Every structure is written in structure tokens, then in C-alpha cells.
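Open the model in your viewer and keep the selection tool at hand. We will take a short walk from one stop to the next.

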Amino acid sequence: MNKDAIIKLVNEQLWPKTDADVPSFKAGDTITVSYKIVEGNKERIQSFRGVVIQIKGSGKTKMFTIRKISGGVGVERIFPLYSPHIEKIEVNKVGVVRRARIYYLRDLTGKKARIKEKRMTRTDK
């Protein structure tokens, strides 16, 4: 077995998800990530809904950061895009932002922290 075949085999075993399994989203979109949590011998699904503030990396190591406000406190969580623990990703709203990394959202509160929503036309649906 040559080196390339071994690398391909390992990639298929570690990352069973493909680009077809992952919806396309960008910074500013509001998404819900259903994440499998294993505690001992029990498993449960936990949903995390928030605004994507950045997407970084490339290929199988791509990661994204989601921010939400919980109890008046900002909470950010970083997810690997191709993690086997992610059950599904739903895009709830498509936001309109002009930057790839919207860190300025961290300093804003209240109505200022809202992101414009892209209006859908009949052809977009």
C-alpha cells in the first residue's frame, strides 16, 4: 500500500461527511447546529442556535464560530464543520454583512446587534 492510499483511507474513516452533507452558509447567517453529546453510556442531542461570526480553515479541517446571547451574556462556540458529532446544520436566516469575520458584533448590544436579513424572492427559494 502506498502513502497516498493510506492517507485516503484515513481521511475516509475520520471524516465520513462530504460537502453534500453540509449546507452552504457564510458569516452573518443564523444557523442551528444539532450536536451529539456523549455522557458516559448515554447520548443526547443539543441544539445551539446563533449567528456565524467566522469561518476559518480549509478542506476537512474547516471550522466555524457561532455566537448567541444566553441570559444577557454572549456565548461563542467553535465547531469543526466535518465533525462526526454534528447531527445536522440548519440555516434559519440568511444575513447581509460586508465582512467575512464579524467580530464587531461582540461589542454591540440590543438592537444594534441585529443583522439585516436577506429578502428572498421567488427565484431564490
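## Stop one: the aromatic rings

Select F64 to begin: it is buried, because its relative accessibility is 1%, and the cut-off for buried is under 20%. Bear in mind as you go that this is a predicted model.

Across the whole structure, a search finds four aromatic pairs. In one of them, the ring centres of F25 and F64 are 5.1 Å apart and the planes meet at 75°, so the pair is edge-to-face. This pair joins distant parts of the chain, 39 residues apart: F25 belongs to the loop between helix 1 (3-14) and strand 1 (30-39), while F64 is in strand 3 (residues 63-70). F25 also counts as buried, at 13% relative accessibility.

Then show two charged side chains. The charged end of K68 sits over the ring of F48, 4.7 Å from its centre, and R77 lies over the face of Y35, at 4.7 Å from the ring centre.

## Stop two: V52

Move to strand 2 (residues 42-56) and pick V52. Is V52 buried or exposed? At 0% relative accessibility, V52 is buried. Beyond its neighbours within four places in sequence, V52 has contacts that include F25, G28, I31, T65 and I102.

## Stop three: S83

Finish in the loop between strand 4 (73-80) and strand 5 (86-93), where you will find S83. S83 is buried, with a relative accessible area of 7%, and its side chain reaches the backbone nitrogen of H85 at 3.1 Å.

Notes:
Residues are numbered from 1 along each chain as its sequence is written. This is a predicted model: local features need pLDDT of at least 70, side-chain atom pairs count only at pLDDT 80 or more; totals for chains, interfaces and linings use all residues. Side-chain values use heavy atoms; hydrogens and water are left out. Helices (H or I, at least four residues) and strands (E, at least two) are DSSP runs, numbered from the N terminus. Buried means under 20% relative accessible area, exposed over 50%, partly exposed in between (1.4 Å probe, protein chains only). A polar contact is a pair of N or O atoms within 3.5 Å; within protein, one must be able to donate a hydrogen and the other to accept it, and residues adjacent in sequence count only if both atoms are side-chain atoms. Contact means heavy atoms within 4.5 Å. Rings of Phe, Tyr and Trp (its six-membered ring) pair if their centres lie within 6.5 Å; planes under 30 degrees apart count as stacked, over 60 as edge-to-face and the rest as tilted. A charge sits over a ring if NZ of Lys or CZ of Arg is within 6 Å of the ring centre and within 35 degrees of the ring normal.
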